[in-house]
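User: I am new to this structure and would like to learn how to read its features. Could we go through them one by one?

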Amino acid sequence: MDTRQLKYFVTIVECGSMGKAAEKLYVAQPSLSQQMGRLEKELGTSLLLRSRRGVTPTAAGQALYKHSCAILRQMEQLKLQVNDSANAESGTVAVGLPSTIAAVLAMPLVERIQQRYPGIHLQLIESMSGAITEMLASARLDLAILFCAHDTLGMTAWPLLEEQLYVMGEPGNGVSADSPVCPLSALNGIRMVAPGASSGLRLLLERMFARENLELNIVADIDSLPTLLSMAESGRACTVLPASALTQREAAHRPKMRPLVAPEIRRPASVCWSSTTKMNSATAAVCRVIAELVDDLAASGAWKGISLLNNQWRRTLADVLRVPERHA
């Protein structure tokens, strides 16, 4: 078993087809099939289920896929760390952003990295927070912004900000059309849509509603920010999101937004990375730029509804990363 076989296997799983994988890898399909046959023989188990619709991993294949992603990512990091001997910020840095964060941060992050570190190739992956967490854990990402404030096993979390949550739509239930705020109690039993059960936002809502003895009436699980907003705009259901969710939506198509009160609901967001591998200078540079942008966007008012956490933390970031600060 070698890294080439692992790369082939990962590509097959992600493409879901031997033919598509062969095209992407520029490898003849019979040769690709032979490599997978040898890998299965060496491991003594079936890794792929083949059908007319394509290929899917077996349980053993899913385990191999997860470990293969981590191994390939570590190999890439090894190359970057060797190149770091010249202390040059270059190479690919994969960053995971939840959809609401990406709406306000993605474009300025790309622009600033291109201006300041042209040797860095930024790879942004936008998804719901549950998927981002899984990708960071499986070493498919170098950095991620996640809704947490503390380290967990294998992951370092460095606090960035707290964001206020708002109800989007018209809940009624005692909340008039001109009311500037919405008490949480007004959402008792109201038709709502929210991300699926693995989402940090969904878990937060469930905890808050349970604590206040309120009924959380989720009529649909929707892991799509545009669809959540469209449902709220249409009046079919309300949803709870941060103000950043509306950043890229035209004013004419924005649902009514009110801050939740009694109690107010806020959630922390941190930039996170694996604590099991050493961070290279390119990843550290991106981490510092993210911190700068959060500060700039908050100060300019471009990122509404947030407050910075621990305004001393940038001073100690270099110590946490064990990478010296550099100035372009």
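User: Which residues are linked in a network of salt bridges?

Analyst: This is a predicted model. A salt bridge pairs a side-chain nitrogen of Lys or Arg with a carboxyl oxygen of Asp or Glu within 4 Å. Here R112, R116, E292 and D296 are joined in such a network.

User: How many salt bridges does a search of the whole structure find?

Analyst: The search gives 12 salt bridges. One of them joins E163 and R267, with their closest N and O atoms 2.7 Å apart. E163 lies in strand β6 and R267 in strand β12, so this pair, 104 residues apart, links distant parts of the chain.

User: Are E163 and R267 buried or exposed?

Analyst: Buried means under 20% relative accessible area, and exposed means over 50%. Both E163 and R267 are buried.

User: Why does R211 count as exposed?

Analyst: R211 counts as exposed because its relative accessibility is 55%. Its salt-bridge partner is E212, with the closest N and O atoms 3.4 Å apart. E212 is partly exposed, at 32%.

User: How is the salt bridge of R266 and E264 to be read?

Analyst: Their side chains meet at 3.5 Å, N to O. R266 is partly exposed at 28% relative accessibility, and E264 is also partly exposed, at 43%.

User: Where is N280, and what does its side chain reach?

Analyst: N280 sits in the loop between β12 and α9. Its side chain reaches the backbone nitrogen of A282 at 3.0 Å. N280 is buried, because its relative accessibility is 3%.

Definitions and conventions
Residues are numbered from 1 along each chain as its sequence is written. This is a predicted model: local features need pLDDT of at least 70, side-chain atom pairs count only at pLDDT 80 or more; totals for chains, interfaces and linings use all residues. Side-chain values use heavy atoms; hydrogens and water are left out. Helices (H or I, at least four residues) and strands (E, at least two) are DSSP runs, numbered from the N terminus. Buried means under 20% relative accessible area, exposed over 50%, partly exposed in between (1.4 Å probe, protein chains only). A polar contact is a pair of N or O atoms within 3.5 Å; within protein, one must be able to donate a hydrogen and the other to accept it, and residues adjacent in sequence count only if both atoms are side-chain atoms.
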